[in-house]
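Colleague: Could you take one part of this model and walk me through it closely? Start with its geometry, then turn to its surroundings.

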Amino acid sequence: MKSNTTPQAKAEYAHNKVEHIGSFLRALKLKKARYDFADRVIYEETLRQVEDIEIDNLIDIQLDLDCSVMTDGDFRRAWWHFDFLEQLNGIEGYKTRDGLKYKNAITKPYDIRITDEISWSDEHTCLAHYRYLHHAIEGFATAKYCIPSPSMLLFPHLRSNRVYANQLKDYVTDVAQSYRNAIQALYAEGCRYIQLNDEFWAYLSDAGQREKEIQQGISPETLAMYAVEIINLVLEDKPEDLFISLHIDRGNFSSSWLYEGGYDFVSDFIFKKLNNIDRYLLEFDTARAGGFECIAQLQNTKKEVFLGLISSKTEYVESELEITQRIQEASQFLPLAQLGLCLQSGFASTEEGNKVSYDTQWVKIKLMNTVAKKFWS
């Protein structure tokens, strides 16, 4: 759990005790522009103009809501992960026969696959996208950029590919190097806060998924160590003033989910073996995520845990009382100084968005700020 982040860099975020996960519901105007572009009704330049306007509006809203860490809402993405991953050399997106089945929903039929050795591409659009966000914020807040964790490429259908012919060590090395290059390129654009969004740790938290791996002759512990290795390789020489958070998500599409299980199996790996993670953004909004006991492992460290107690999946707005009580419960395992409050996930990990109204998402942001002032003002 070593960290090269300087005390000065950590201090910049010490006052920030509330975070959203990054994605917000798209306005109908933006959705229509993306569909029109896909149907070749409008040019890319027109789509970019609509995206710019909507991102500017979102920044204004975040400013009004006292967000000290802001994102572009994922407004330039259709998927929270594919849009980034398919632009790495050696990875391509393609239409599948069926969509991915969530608990109560099915995605569009789309996925990625490995077609060649993986490397960074200097043509990756994340650089232009971050550049716009950075300049739009103009220094009055921190521009947080969210990318899928490199361990997302350890899912079975991706790690078992013909290119690397089961040479998982070489695969991990190439993925890690491509991400190291990505982080250096984003840093050169001025990025000082990167959030890694990760479903693979949630996958390993699910006993049913671990059993499937065992049936295929794969040890879940071995997979967890590969996940540790790939993230540590990516971050081992990160700039010392670059702040890193890790968000672990159990799946987020149309208010539905993929995985269940507490952090018991993965806690030793994510809390004791990962390096250069400054802040953990963890789901705790339902019983599916287990209890708070695991966070006690971070006592006497400089690490922070932001409690994902407010759901981005439901129209129901949690009460101040229930959130207050749960923070008090968590503080029995980790001091308040190391805790913060966050959403359980984003409101729109894909462009379709969750089954939450546009206004309710802002009510939930306000709720977090109200509760946080009771504990950390």
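Modeller: What follows looks at one helix, then at its surroundings.

This is a predicted model: local features need pLDDT of at least 70, side-chain atom pairs count only at pLDDT 80 or more, and totals for chains, interfaces and linings use all residues. Residues are numbered from 1 along each chain as its sequence is written, and side-chain values use heavy atoms, with hydrogens and water left out.

Take helix H5, residues 126–137. Helices (H or I, at least four residues) and strands (E, at least two) are DSSP runs, numbered from the N terminus. H5 has twelve residues and spans 17 Å from first C-alpha to last. That is close to the expected 16 Å, which is 1.5 Å times one less than the number of residues.

Cys126, Leu127, His129, Tyr130, Leu133 and Ile137 are buried in H5 (under 20% relative accessible area, 1.4 Å probe, protein chains only). Down the axis, these buried residues fall within an arc of 160°, so they line one face of H5. The arc is taken from the directions between helix axis and C-beta atoms.

What does that buried set pack against? Helices H3 (44–64), H4 (82–85) and H7 (168–188), plus strands E2 (69–70), E5 (142–143) and E6 (145–148). Contact means heavy atoms within 4.5 Å. Just past H5, Glu138 takes a positive phi of about 55°.

Now follow H7. The largest nonpolar core has 119 residues. Such a core is a set of buried Ala, Val, Leu, Ile, Met, Phe, Trp, Tyr and Cys residues joined through side-chain atoms within 4.5 Å. H7 gives the most to this core, ten residues. Tyr171, Trp201, Tyr280 and Ile295 have the most contacts inside it.

Notes: Buried < 20%, exposed > 50% of the residue type's maximum accessible area, 1.4 Å probe, protein only.
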